[in-house]
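This briefing looks at surface features and charged side-chain contacts, grouped by topic. Please read it alongside the sequence and the coordinates.

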Amino acid sequence: MAVHRQSLGIWDYAVIMCSFAVSFAIGVVFHYAGRRRYTAQNFFMAGNNMSKFPVVLSIVVTNLSAILMLGAPAEVYRYGTQIVLLTLGMTAGIILASYLILPIYFDLRITTVYEYLEMRYGKFIRYTVSSLFIVQTLLYISVVLYAPALALSAVADLSTEMSIILMGVVCTLYCSIGGLKAVLWTDVFQSGLMSACIAIVFIKGVTEVGGLGEVLHRSSTGGRLEFF
C-alpha cells in the first residue's frame with residue numbers, strides 16, 4: 001500500500017523563511033549598530049551591559065536543542081518520566097556556578113574559562129582543554145544540526161544536506177557578524193517561536209486523546225509515570 005507523504009504548504013514555507021530572515025536581520029542590525037564600538041569586549045561579551053531577560057532566555061534556548069526536543073519525548077515514551085530528575089542536578093549546578101564561579105570571572109575581567117586555566121595552570125593546560133572543547137563542540141553541533149535537518153527534510157522539498165547547509169549558513173552569519181548581542185536577541189526571538197510551537201503541539205495532542213486526564217491515565221497504565 002502506498003504511503004501518502006504530507007508536504008508543507010506555501011504558508012509553512014513562508015513561516016520557515018521568515019524565521020531565518022528575522023534571525024539573519026538581527027545579526028545585521030547589531031553589526032551596523034555596533035561598528036563604532038567594534039571591540040573584542042563588545043563582540044564576545046556584549047559590552048557587559050545586557051539585562052537578565054535576554055541572557056536567561058538565551059541560556060534556556062541553548063539547552064533546548066533539537067536533540068532534546070526530539071529525543072526527550074522518545075525517552076519518556078520508552079522509559080518513563082524519570083529523565084525529569086536531570087533538572088534537579090542542573091538546577092543545583094546553575095546555582096553553584098552563578099554564586100561561586102561567575103563572580104570570580106567578573107572580578108578577573110576574563111572572557112572564557114580557558115583564560116582562567118592559563119592564569120592558574122599555564123598555557124599547556126589552557127590549550128589542551130580548549131582543544132578538547134573544540135572537538136567536543138564539533139561533534140555536538142554536528143548532531144544538533146543533523147536532527148532538525150532530518151525533521152525539515154522529512155516534510156519539505158529539501159534534501160538533508162541542503163537543510164544542514166541552510167541552517168548552518170544562517171546561524172553562522174548572524175553569530176559572526178553580530179556578536180554576542182545578536183546571539184542573545186536571536187535566542188529571545190527563537191524562544192518565542194519554540195514556546196508557541198510547544199504549546200500548540202501540547203494542546204493539540206491533549207485535545208485529540210480526550211483531555212489531560214486521559215493522558216495521565218494512559219501514561220499511568222503504560223508505566224510511564226516513573227520518577228524514581
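Predicted model: local features only at pLDDT ≥ 70, side-chain atom pairs only at ≥ 80, totals over all residues.

Valine 84 has a relative accessibility of 40% and therefore counts as partly exposed, and its place is in the loop between helix H4 (66–79) and helix H5 (86–108).

**Nonpolar surface patch**

- At least two residues of the nonpolar patch come from helix H8 (160–209), and at least two from helix H9 (212–221).

**Salt bridges**

- A search of the whole structure finds 3 salt bridges.
- Glutamate 118 and arginine 126 meet through their side chains in a salt bridge, at 2.4 Å from N to O; glutamate 118 is partly exposed at 24% relative accessibility, and arginine 126 is partly exposed at 23%.
- In helix H8, glutamate 208 and lysine 204 are separated by about one helical turn because they are 4 residues apart, and they form a salt bridge whose closest N and O atoms are 3.3 Å apart; glutamate 208, with 59% relative accessibility, counts as exposed.
- In helix H9, glutamate 214 and arginine 218 are 4 residues apart, which means a separation of about one helical turn, and the closest N and O atoms of their salt bridge are 2.9 Å apart.
- Glutamate 214 is partly exposed, its relative accessible area being 28%, and arginine 218 also counts as partly exposed, at 48% relative accessibility.

Technical notes. Residues numbered from 1 in each chain as written. Heavy atoms only, no water. Buried < 20%, exposed > 50% of the residue type's maximum accessible area, 1.4 Å probe, protein only. Salt bridge = Lys/Arg side-chain N within 4 Å of Asp/Glu carboxyl O.
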